[in-house]
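These are my notebook entries on a single model.

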2 protein chains.
Amino acid sequence: MLKKNKLTERKIIDIIVNLQDKMKNNPLPFGDDVAAIRIGRGQLAVMKCDMLVAKTDIPKGMNPWQTSRKAVVSVISDLAAKGVQPMGILISLGMPGKISENYVRQIGGGINAAAREYATHVIGGDTNESTDLTIDVSAFGICKERELIRRDTAKVGDIVMVTGAFGLPALGLKIIKKNMEISKKLKEKAIKAVFMPKARLSEGLTLAKNHLINSSIDSSDGLAWSLYELSKSSNVGFQINKIPIHREVREFAMENNLDPIELAFYGGEEYELVITQKPALYEKSKKKIRTLIPIGHVTENSGKIILKFKNKYRDIEPRGYEHHSNNI
Amino acid sequence: MLKKNKLTERKIIDIIVNLQDKMKNNPLPFGDDVAAIRIGRGQLAVMKCDMLVAKTDIPKGMNPWQTSRKAVVSVISDLAAKGVQPMGILISLGMPGKISENYVRQIGGGINAAAREYATHVIGGDTNESTDLTIDVSAFGICKERELIRRDTAKVGDIVMVTGAFGLPALGLKIIKKNMEISKKLKEKAIKAVFMPKARLSEGLTLAKNHLINSSIDSSDGLAWSLYELSKSSNVGFQINKIPIHREVREFAMENNLDPIELAFYGGEEYELVITQKPALYEKSKKKIRTLIPIGHVTENSGKIILKFKNKYRDIEPRGYEHHSNNI
């Protein structure tokens with residue numbers, strides 16, 4: 001929720017971006033999942049930074065190891081969406097003044113665990129004292145310019161797919177905030193989805209390497225927001241005819257009078273990739289990535305996301321996931 | 001000053017670095033001014049991140065424009081010490097919840113001003129809400145591996161030089177903390193040295209391009225600490241026979257019973273480069289960089305920094321500059 005008189009995150013970004021002199025012939029505009037610079041021979045250096053501030057980004061109950069691991073996973077997810085293997089990672093840490101050695105060990109261990117999960121290494125960093133635990137992660141990789149998967153290249157007629165079902169993290173966040181009657185098994189699964197997210201790096205790399213994607217974005221601000229960003233960048237629209245919701249979450253939602261559309265589209269903390277591709281490439285893609293779910297197709301209706309559900313049409317409004325505090 | 005029971009920054013870094021699996025054949029060890037990765041054809045991607053937390057890093061009276069500009073200058077200084085032109089910069093911002101549009105404009109403007117001063121561009125970033133103003137800057141450049149200036153390559157017999165006189169920022173910080181009787185002109189000059197630092201990028205690039213340096217480090221933690229880090233990395237020592245102190249600061253120190261050694265060696269917030277080179281290259285270097293000051297030579301005495309001053313020898317102890325709070 002927005003507080004009165006408070007600048008929104010979007011407004012802040014607009015002000016800052018507008019004040020920057022832009023690099024000429026930048027291979028990728030501001031606002032894609034990553035930044036990129038040409039380094040010769042058709043290659044790009046691809047970079048991404050993402051700051052996690054525990055106060056606003058971390059739900060109750062996550063330990064420091066999970067927190068620092070997740071900070072790294074978030075950044076790797078952005079490179080995954082572009083089909084780029086991270087070659088190295090830098091970490092800037094701000095930590096409160098009074099912390100134990102065990103706390104520092106957890107932070108350091110979580111960072112390394114995430115790096116190793118995705119076959120990369122921490123190569124440098126910086127530490128500071130700050131009021132909030134703050135973990136800024138920068139990831140670096142290189143790729144051929146013509147193989148970088150962009151946000152602005154979705155084509156009318158493409159099918160839209162996601163790399164897996166949504167909704168578990170949304171349910172997990174609900175459970176963390178409010179006690180619910182729920183089976184132990186589903187509760188654990190949902191909370192694990194929040195505390196131990198996975199970046200879809202191998203999926204992104206496989207699809208990119210085999211030239212199976214037209215455009216892609218990650219879904220950390222929620223599926224609705226990702227579709228909206230993708231549509232804006234590519235000047236297209238989407239018709240969605242399947243709600244890619246995790247089976248158990250859908251069942252739980254129906255039993256408990258929760259809205260499955262809300263859980264699937266506006267959940268946030270999701271790390272699936274949202275991808276568009278030529279329909280003819282679907283069978284080949286599905287053979288390589290078993291978890292792919294086709295959810296609709298690209299339309300000419302620029303900026304418009306329509307859900308066709310039980311033969312009714314409904315607009316999916318471009319609402320982003322809201323963080324744990326009131327900051328956005 | 002260290003608080004009781006508080007982990008030092010050094011201890012925190014050791015714990016975290018020791019927990020990281022190290023990249024094999026890393027071209028540059030952890031702890032040099034920058035991190036580097038081989039990207040083929042004898043080239044390195046060079047990266048550096050540095051987090052500024054206003055609460056601890058920014059003295060009283062600096063405005064948001066100066067603060068964000070300085071955050072960028074600090075990182076460029078590290079690339080300058082390695083002889084690497086920054087190609088692009090990423091910015092992660094943490095800002096308090098209640099800020100004005102003017103504040104955001106100042107932050108954005110200061111970032112762009114610094115980038116343009118050093119012929120680079122901001123190419124991406126991230127914004128967040130945090131208690132402290134937090135600016136994490138990541139800079140990226142490429143260079144030939146054999147042309148990267150390292151910390152671990154000072155040679156016994158090299159002369160030691162700095163790119164300019166020290167002490168103005170140290171005096172500036174004293175003035176900011178405590179009212180002093182001082183001429184208006186010197187006061188302004190000293191405070192400007194703190195609020196508007198300059199990275200020695202053109203100096204670093206010129207010396208590196210002409211193969212005039214054996215080793216180099218920047219001096220943001222103070223001259224004594226830089227000499228100590230350089231000596232440790234290169235397994236050498238230094239004999240210093242000249243205190244590179246700004247003339248007016250020396251005069252002010254003498255009149256006011258301040259220790260010029262303290263001001264020159266332990267000041268911090270300095271952005272001169274500390275360089276070693278073959279003595280035979282000095283004349284050529286001095287012609288290119290008029291501000292160079294030779295201050296001594298490299299000895300075999302590993303880790304030992306000796307100042308010969310008025311025919312007396314005195315150890316320069318490896319004491320780092322202490323930030324504005326008690327955090328280190």
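I took contact to mean heavy atoms within 4.5 Å. The model is predicted, so I kept to its conditions: local features need pLDDT of at least 70, side-chain atom pairs count only at pLDDT 80 or more, and totals for chains, interfaces and linings use all residues. Residues are numbered from 1 along each chain as its sequence is written, chains are lettered from A in the order in which they are written, and side-chain values use heavy atoms, with hydrogens and water left out.

**Entry 1: interface**

I found 68 residues of chain B in contact with 68 residues of chain A. For buried area I used the accessible area (1.4 Å probe) that two parts lose on being put together, summed over both. Between chain B and chain A this is about 6,000 Å², and carbon and sulfur atoms give 63% of it. On the chain B side, B:M51, B:I123 and B:E129 lose the most area to chain A, together 11% of what that side buries.

I then looked up polar contacts (a pair of N or O atoms within 3.5 Å; within protein, one must be able to donate a hydrogen and the other to accept it, and residues adjacent in sequence count only if both atoms are side-chain atoms). The rule gives 19 residue pairs across the interface, both residues at pLDDT 80 or more.

**Entry 2: salt bridges**

My criterion was a side-chain nitrogen of Lys or Arg within 4 Å of a carboxyl oxygen of Asp or Glu. The structure holds 43 salt bridges over all chains, and 2 are counted between chain B and chain A. I noted a salt bridge between the side chains of A:D21 and B:R116, at 3.3 Å, N to O.

**Entry 3: cavities**

I worked on a 1 Å grid over the protein atoms alone, where a cavity is a set of points at which a 1.4 Å probe fits but cannot get out, and lining residues have an atom within 4 Å of a point. Points are joined across faces, edges and corners, and a volume is the space filled by probe spheres set on them.

How many cavities of 30 Å³ or more are there? I count 2. The second largest cavity has a volume of about 40 Å³. Its lining comprises A:M47, A:L90, A:S138, A:A139, A:F140, B:M47, B:L90, B:S138 and B:A139.

How values were computed:
On a 1 Å grid over the protein atoms alone, a cavity is a set of points where a 1.4 Å probe fits but cannot get out, and a pocket is an open set with protein on both sides within 12 Å along at least five of seven lines; lining residues have an atom within 4 Å of a point.
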